[in-house]
Amino acid sequence: QVQLVESGGGLVQPGGSLRLSCAASGSRFSYGYDMEWYRQAPGKQRDLVAGINTRSITNYADSVKGRFTISRDNAKNTVYLQMESLTPEDTAVYYCRLTNTNVWGKGTPVTVSS
């Protein structure tokens, strides 16, 4: 059974940066999975932010294109989300997920505020 653990969230000022990590454990991960980052703001639905497949081909929501970068380190079983030029609208709990599965992490909160 694969487990996902996010980290790296916190409080940051507008215009600032954060890097989120999603560490995967479990023997099946060694075969490679497509991975995604989602976010859920208070009172809103959970939305896809970015995805990366096993060949490191990426896709992004329009709202984060040019500001966020998803990457993966297969040797460390970790996927990253580098977030730049953050705005208060980026405030949310960020979750990682194995694509097309019900395997989610518990989330890491990001607050963008002055």
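Two strands pair if DSSP finds at least two bridges between them. With that in hand, here are some close-up views of this predicted model.

**View 1. Strands E4 and E9 pair side by side.** Strand E4 (residues 35–40) and E9 are joined by six bridges and run in the antiparallel sense. Look for arginine 39, whose bridge partner in E9 is tyrosine 94. E9 is a mostly covered strand, with six of its seven residues buried.

View 2. Arginine 39 meets aspartate 90 through a salt bridge of 2.8 Å, N to O. Aspartate 90 sits in the loop between E8 and E9, while arginine 39 is in strand E4, so this pair ties together parts 51 residues apart in sequence. Aspartate 90 is buried, at a relative accessible area of 1%, and arginine 39 is buried too, at 14%. A network of salt bridges links Arg39, Arg67 and Asp90.

**View 3. A salt bridge between lysine 65 and aspartate 62.** The side chains of these two residues meet at 3.2 Å, N to O. Lysine 65 has 49% relative accessibility and counts as partly exposed, whereas aspartate 62, at 65%, counts as exposed. In total, the model has four salt bridges.

**View 4. The disulfide of cysteine 22 and cysteine 96.** The structure holds one disulfide, and it joins cysteine 22 to cysteine 96 with an S to S distance of 2.0 Å. Distant parts of the chain are linked here: cysteine 22 lies in strand E3 (residues 18–25) and cysteine 96 in strand E9 (residues 92–98), 74 residues apart. The link is right-handed, with 65° about the S-S bond. Cysteine 22 is buried, with a relative accessible area of 1%; for cysteine 96, also buried, the value is 1%.

**View 5. The open sheet E1-E3-E8-E7.** Four strands make up this open sheet, in the order E1-E3-E8-E7, with antiparallel pairing. Strand E1 (3–7) and E7 are the edge strands, each pairing on one side only. From one strand to the next, the twist averages 15°. Within the sheet, E3 and E8 run antiparallel and are joined by six bridges. Cysteine 22 turns up again here, with valine 79 as its bridge partner in E8.

**View 6. Strand E10 and its two neighbours.** Strand E10 (residues 108–112) covers one face, made of Thr108, Val110 and Val112, and leaves Pro109 and Thr111 on an uncovered one. Side chains in a regular strand alternate between the two faces of the sheet. Strand E2 (residues 10–12) runs parallel to E10, joined by three bridges, and glycine 10 has valine 110 as its bridge partner. E9 also joins E10 by three bridges, but antiparallel, and valine 93 stands opposite proline 109.

**View 7. The largest nonpolar core.** This core has 28 residues, and those with the most contacts inside it are Leu4, Trp37, Leu81, Met83 and Tyr94. At least two core residues come from each of E3, E4, strand E5 (46–52), strand E7 (68–73), strand E8 (78–83), E9 and E10.

Definitions and conventions. Residues numbered from 1 in each chain as written. Predicted model: local features only at pLDDT ≥ 70, side-chain atom pairs only at ≥ 80, totals over all residues. Heavy atoms only, no water. Disulfide = S-S within 2.5 Å. Buried < 20%, exposed > 50% of the residue type's maximum accessible area, 1.4 Å probe, protein only. Core = buried A, V, L, I, M, F, W, Y, C linked by side-chain atoms within 4.5 Å. Axes fitted to C-alpha atoms, helices over the stretch in contact; angles between N-to-C directions.
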